Amino acid sequence: MRKPVILFSLLFCGVIGAARAIFAAVDAPPKMCWAHYVGWGFDQINGVSKFHLDGNRIGAICGGVLWVKEGLQGGWLQMNGGGTASLQLSGNRIGALYSNGILSCKDGLYGTWYDQTSGVSAFQLKGDRIGALSGGNLFYKEGMFGSWLTMAGNTVAKFQLQEY
């Protein structure tokens, strides 16, 4: 198939350089960014306002609804009915901060949601630990059902949970 293109170019154009250019254009594969080669060339989900990656898990907020999936090829699972403002994934734990300030968490894709606290403006998950910012106060707890501890009062604007 390529030879007729080359012969046509040589006969009618009479320029070897033009023949090479046409051959290169016919022979070359379409240009693709590196992400296509590693699987990111496939659309994952549309209308994403926020997303988070942790390990093999992908979470995204679309129209206020939280969606999570395992790996690039996995299917998206709807986690809630809407109103999600922020999300975090940490290992098996999924956290959602709703626009009304309620922080909810669950373990596993099919686990039960548990409201953690209200009045939250920001939160972080790190392993089994949960940190929440509310009214300038920083709260922290170990585990889903642990007791909240006040770590700093009335002065905190940002925080970062660290590894042990």
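User: Which residues does Ser 90 touch, not counting residues up to four places away in sequence?

Analyst: Contact means heavy atoms within 4.5 Å. By that rule Ser 90 touches Asp 54, Leu 125, Lys 126 and Gly 127. This is a predicted model: local features need pLDDT of at least 70, side-chain atom pairs count only at pLDDT 80 or more, and totals for chains, interfaces and linings use all residues. Residues are numbered from 1 along each chain as its sequence is written, and side-chain values use heavy atoms, with hydrogens and water left out.

User: Is Ser 90 buried or exposed?

Analyst: Buried means under 20% relative accessible area, exposed over 50%, and partly exposed in between (1.4 Å probe, protein chains only). Ser 90 has a relative accessible area of 10%, so it is buried. Its place is in strand S5. Strands are DSSP runs of E with at least two residues, numbered from the N terminus.

User: What is the order of the strands in the open sheet that includes S5?

Analyst: Strands of a sheet pair through backbone hydrogen bonds, either parallel or antiparallel. Here, two strands pair if DSSP finds at least two bridges between them. The order is S5-S6-S7-S8, with antiparallel pairing. Strand S5 (84–90) and strand S8 (114–117) are the edges, each pairing on one side only. The twist averages 25° from one strand to the next. Angles run from 0 to 180 degrees between N-to-C directions, with axes as lines fitted to C-alpha atoms.

User: How many bridges join S7 to S8?

Analyst: Three bridges join strand S7 (residues 103–107) to S8. Take Cys 105: its bridge partner in S8 is Tyr 114.

User: Where does Gly 127 sit, and what phi does it take?

Analyst: Gly 127 belongs to the hairpin of S9 and S10, which has two residues between the strands. Its phi is positive, near 65°. Five bridges join strand S9 (residues 122–126) to strand S10 (residues 129–134), and the two run antiparallel. Phe 123 stands opposite Ala 132 in S10. Gln 124 stands opposite Gly 131 in S10. These strands belong to an open sheet with the order S9-S10-S11-S12 and antiparallel pairing. The edge strands are S9 and strand S12 (149–152).

User: How many salt bridges does a search of the whole structure find?

Analyst: A salt bridge is a side-chain nitrogen of Lys or Arg within 4 Å of a carboxyl oxygen of Asp or Glu. The search finds three. One joins the side chains of Glu 70 and Arg 57 (2.5 Å, N to O). Glu 70 lies in strand S3 (residues 65–70) and Arg 57 in strand S2 (residues 57–62), so the pair ties together parts that are 13 residues apart in sequence. Glu 70 is partly exposed at 32%, whereas Arg 57 is buried at 7%.

User: Which residues are linked in a network of salt bridges?

Analyst: Arg 93, Asp 107 and Asp 128 are. Arg 93 meets Asp 107 with the closest N and O atoms 2.8 Å apart. That pair links Arg 93 in strand S6 (residues 93–98) to Asp 107 in strand S7, 14 residues apart. Arg 93 also meets Asp 128 (3.1 Å, N to O). Asp 128 lies in the loop between S9 and S10, so this pair ties together parts that are 35 residues apart in sequence. Arg 93 is buried at 5% relative accessible area. Asp 107 is partly exposed at 35%, and Asp 128 is partly exposed at 41%.

Methods: Helix = DSSP H or I, 4+ residues; strand = E, 2+ residues; numbered from the N terminus.
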